[in-house]
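This report looks at how the copies of a chain are arranged and at how the chain itself is built. The sequence and structure come first, and the description follows.

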4 protein chains.
Amino acid sequence: MKIAIYNENFHEQTEKTVKKIYPDGIHGAIKAGIADDEFEIDTVTLESIDKLTDEYLNNTDVLIWWGHVKHGEVSDEIAERVANAVNKGMGIIFLHSAHFSKPFKKLMGTPCNLTWRENGDRELLWVTNPSHPIAQGIGRFIKLDHEEAYGEPFGIPEPDELVFIGSFQGGEVFRAGCCYKRGMGKVFYFQPGHETYPIYYEKDILKVIKNAVLWAKPIYRTNSLDAPNVQIPLEEIL
Amino acid sequence: MKIAIYNENFHEQTEKTVKKIYPDGIHGAIKAGIADDEFEIDTVTLESIDKLTDEYLNNTDVLIWWGHVKHGEVSDEIAERVANAVNKGMGIIFLHSAHFSKPFKKLMGTPCNLTWRENGDRELLWVTNPSHPIAQGIGRFIKLDHEEAYGEPFGIPEPDELVFIGSFQGGEVFRAGCCYKRGMGKVFYFQPGHETYPIYYEKDILKVIKNAVLWAKPIYRTNSLDAPNVQIPLEEIL
Amino acid sequence: MKIAIYNENFHEQTEKTVKKIYPDGIHGAIKAGIADDEFEIDTVTLESIDKLTDEYLNNTDVLIWWGHVKHGEVSDEIAERVANAVNKGMGIIFLHSAHFSKPFKKLMGTPCNLTWRENGDRELLWVTNPSHPIAQGIGRFIKLDHEEAYGEPFGIPEPDELVFIGSFQGGEVFRAGCCYKRGMGKVFYFQPGHETYPIYYEKDILKVIKNAVLWAKPIYRTNSLDAPNVQIPLEEIL
Amino acid sequence: MKIAIYNENFHEQTEKTVKKIYPDGIHGAIKAGIADDEFEIDTVTLESIDKLTDEYLNNTDVLIWWGHVKHGEVSDEIAERVANAVNKGMGIIFLHSAHFSKPFKKLMGTPCNLTWRENGDRELLWVTNPSHPIAQGIGRFIKLDHEEAYGEPFGIPEPDELVFIGSFQGGEVFRAGCCYKRGMGKVFYFQPGHETYPIYYEKDILKVIKNAVLWAKPIYRTNSLDAPNVQIPLEEIL
């Protein structure tokens, strides 16, 4: 399985606290955390984002996306390419502030807005769908000691399947694990992962991401998004 | 519009605290609280449940259901009649512990189980779908000073539309406002309303129930749930 | 209620057959066909598309969209504006070949591809959801003597509600009436309406469009698609 | 994987045509048709239906169900047991006239009614979801030379995922492949299989059933459908 992890890799270069938590970048932490003999994992940063060609994406099974303040520097062309790749079958996992990334907004068709508050709240991520592949191996909830609070309303289409709801000390709730199908591909949004907390080292968070990678693995890919003229030979169907 | 409110009316007769809060029964409080010139509201208790004949239900637009410890005393026949009436077009609103009522379980096809904890927690009911008819007139959240905590996983099918998520002081979350369509009829489940707290006097809770009644109003009713043999005159369609 | 009908109005100007069927344009036929004392109906063509400013859209309740060969001449900016207006609460109805229009694709997040065949097949539009507001007043099916055949797979997200399935003489089927919610707004896609057949004079087709307009009427509109930082006063919630 | 195939096995015993087509019963044909080294397949008929104990069902991964005129002879107790087993995680596939079986109706919560016509129409089963596991290996459509026509409206909840739509020579359409989740278990309804046509020997039909068995395989099973009182240790979450 070919996995790619995109991380804008900006906070890690510019903020001491973040650099200390993620010396190898968020992408590096996730890469190490989900390592598996079956996975060949590549990483991509904003600096190297031109790697994300059609050919590269067509050869990627699942793409993981972390972005925050640099969404605007991802070109519309690349965002389109990523969304098309999903529609052609590639799986994709959007993490945390990637709710506002161009490819996620393109795939949802909605603003993907939310409310937020940064006070280092304790978060509980409750499993709402215990038999979903993405929730396997997780107990009733995952506890994070500190996380940025995200709050409803979350401006997304009604998820096909809701796997997690997060609750924060301040009382906010958030649909934290949401599954969609877009074209031939699968999409998972997963809320945890503010850059100032060491969340991508948490065993259960990594398990969810790994489960999601396996769940999002393509089972059918198409080459074309066109609308062909198709004649039906009448002798065949009548 | 013809509304019927079913309440088992047991706690009000047997527990002092509840009697004090609801001297006219939970049904009485809701009846008063949603009163409207357009509504003709009847009430039914376990004692008078035989009122719920097919004829009665066929003439009811929306039925509201509150039950708790007396679910077992509602006969299978009546539960079937209620579920059939919904499938024929009647709207229905299940409140609080009615998650375990026979008609709700019949309409869902699932166990409708949950976890619970009775410590008088503060609950916040967050609106997840601000443009849903049921959420109109409600702010970002409804705050209840004291409520029984209900927790996920809630054993229901994925809701067609999720309107509220509740969060409790202890950290639990719960899909607290869930919309479904069953046959020709609409179903709304709404979690607030433990009998030991004066929840059905809260302005916003009553507004939600009233909104739900209007939302669930039948727009088309059918007489039959049968599967008829229907011949297509070939000359008509070819 | 303020309705706007957008039609690219190209075939009517360039093809004799179409001009003959729709001397006042497809927009003119629909405008006349759904006329109602409650409706104030404006029409917009590709020539006058710059009318579709934010202000115009914010003052429109429901927009109806017909386009075919001129999708590419609708600017990305206008498409974005229309999609944003829906997310802010405006209702929208996409007709026939508008499945490939920019705003529809933006709102769906998928390619919206399909197969097609133009042999003037008889189509039957079957009601799959008889109690849906959009199907009111329609019998078991609508019969069109001649229509372009559209075929599955239709590259859309699973509809929130499916109201019609079309079947063509050649045997194809197509999800012909699909409901979605996007942000605060409602979206309805309705397949009938190839320009070379007088479909927008059919009583039942007009009834469906009118029903859809009423269904899509905004009940709540928002000004902002932003993600605000919202502090929760602890004293308020604890 | 442990598979069980229930077939009422009545037509095969009482009607010569059916006996000739299915000398080993419909269950026998399906058993042979989906055989696989990974599968241990047991068959159950109305005569031996008491086999379907809780223990048996807890040890079954996926149950396939075919019934028609003998739905009424399946006891409510067994129907309840089957529905509970699904809610606890067992997969289930309902074939053809099993749309009116007790367990299917219990799991759906709706009448599951439809229209029907028995004229040996040609049916085309169109794939609406090409990347769904159940559609793998199937082309654009499956053609059946003769099948009983089923027609919409089909009285089911909106499917979680729609995989096939059938179209008949007479023009009817039918949601022929429908996926649901109920509790921990997966449900697939698949329309083809009238007893007077040799449908369960068709390679593609068997492929769909086998795909569905693999898709419905439990990934998590629970023992209990109860609603437990769960205390949250405050020190753990705060």
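Predicted model: local features only at pLDDT ≥ 70, side-chain atom pairs only at ≥ 80, totals over all residues.

The same surface serves both copies, as 100% of the contact residues of chain A recur in chain C.

## The contact between chains A and C

This contact takes 34 residues from chain A and 34 residues from chain C. On the side of chain A that touches chain C, the elements that give two or more residues are the helices α6 (102–108) and α8 (234–237), together with the strands β5 (115–127) and β8 (173–182), each of chain A. Divided by class, the residues on that side of chain A comprise 14 nonpolar, twelve polar and eight charged.

## The contact between chains D and A

Chain A also meets chain D, where 13 residues of chain D are in contact with 13 residues of chain A. The side of chain D that touches chain A is made up, by class, of eight nonpolar, three polar and two charged residues.

How are these two copies related? Chain D can be laid on chain A by a turn of 180 degrees and a shift of 0.0 Å along the axis, with an RMSD of 0.0 Å, and that is the relation of a two-fold axis. Within chain D, the C-alpha nearest this axis is that of D160(D), which lies 3.7 Å from it. Since 100% of the interface residues of chain D are also interface residues in chain A, the copies meet through the same surface.

## The fold of chain A

Chain A has eight helices and nine strands. Its radius of gyration is 18 Å, close to the 18 Å that the globule rule gives for 238 residues, so chain A is as compact as a globular protein of that length. Along its principal axes, the C-alpha trace of chain A spans about 70 × 35 × 35 Å.

Buried residues make up 57% of the 238 residues in chain A. Among the contacts in chain A with a separation of 6 or more, 72% are accounted for by residues 24 or more positions apart.

## Strand β1 in chains A and B

Strand β1 (residues 2–7) of chain A is mostly covered, with five of its six residues buried. Six bridges join β1(A) to strand β2 (residues 40–45) of chain A, and the two run parallel; in this pairing I3(A) stands opposite I41(A) in β2(A). Strand β1(A) is also joined by five bridges to strand β3 (residues 62–66) of chain A, again in a parallel arrangement, and here Y6(A) stands opposite W65(A) in β3(A).

In chain B, strand β1 (residues 2–7) is likewise mostly covered, five of its six residues being buried. Six bridges join β1(B) to the parallel strand β2 (residues 40–45) of chain B, with I5(B) opposite T43(B) in β2(B). Five bridges join β1(B) to strand β3 (residues 62–66) of chain B, which also runs parallel, and the bridge partner of I3(B) in β3(B) is V62(B).

## Helix α3 of chain C

Which residues of helix α3 (residues 25–33) of chain C are buried? They are G25(C), I26(C), H27(C), A29(C), I30(C) and K31(C). The elements of chain C against which the buried residues of α3(C) pack are the strands β1 (2–7), β2 (40–45) and β3 (62–66) and the helices α1 (11–14) and α7 (203–216).

## An exposed loop residue in chain A

T53(A) has its place in the loop between β2 and α4 (54–58) of chain A. A residue counts as exposed if 12 or fewer other C-beta atoms lie within 10 Å of its own; T53(A) has 11 other C-beta atoms within 10 Å and is therefore exposed. The C-alpha atoms of T53(A) and V82(A), which are 29 residues apart along the chain, are separated by 8.8 Å.

Definitions and conventions
Residues numbered from 1 in each chain as written. Chains lettered and ligands numbered in written order. Contact = placed C-beta atoms within 7 Å. Nonpolar A, V, L, I, M, F, W, Y, C, P; charged D, E, K, R; others polar. Least-squares fit on C-alpha atoms with pLDDT ≥ 70 in both. Buried ≥ 20, exposed ≤ 12 C-beta atoms within 10 Å, placed from the backbone. Helix = DSSP H or I, 4+ residues; strand = E, 2+ residues; numbered from the N terminus. Rg over C-alpha atoms; globule rule 2.2 N^0.38 Å. Pairing = 2+ DSSP bridges.
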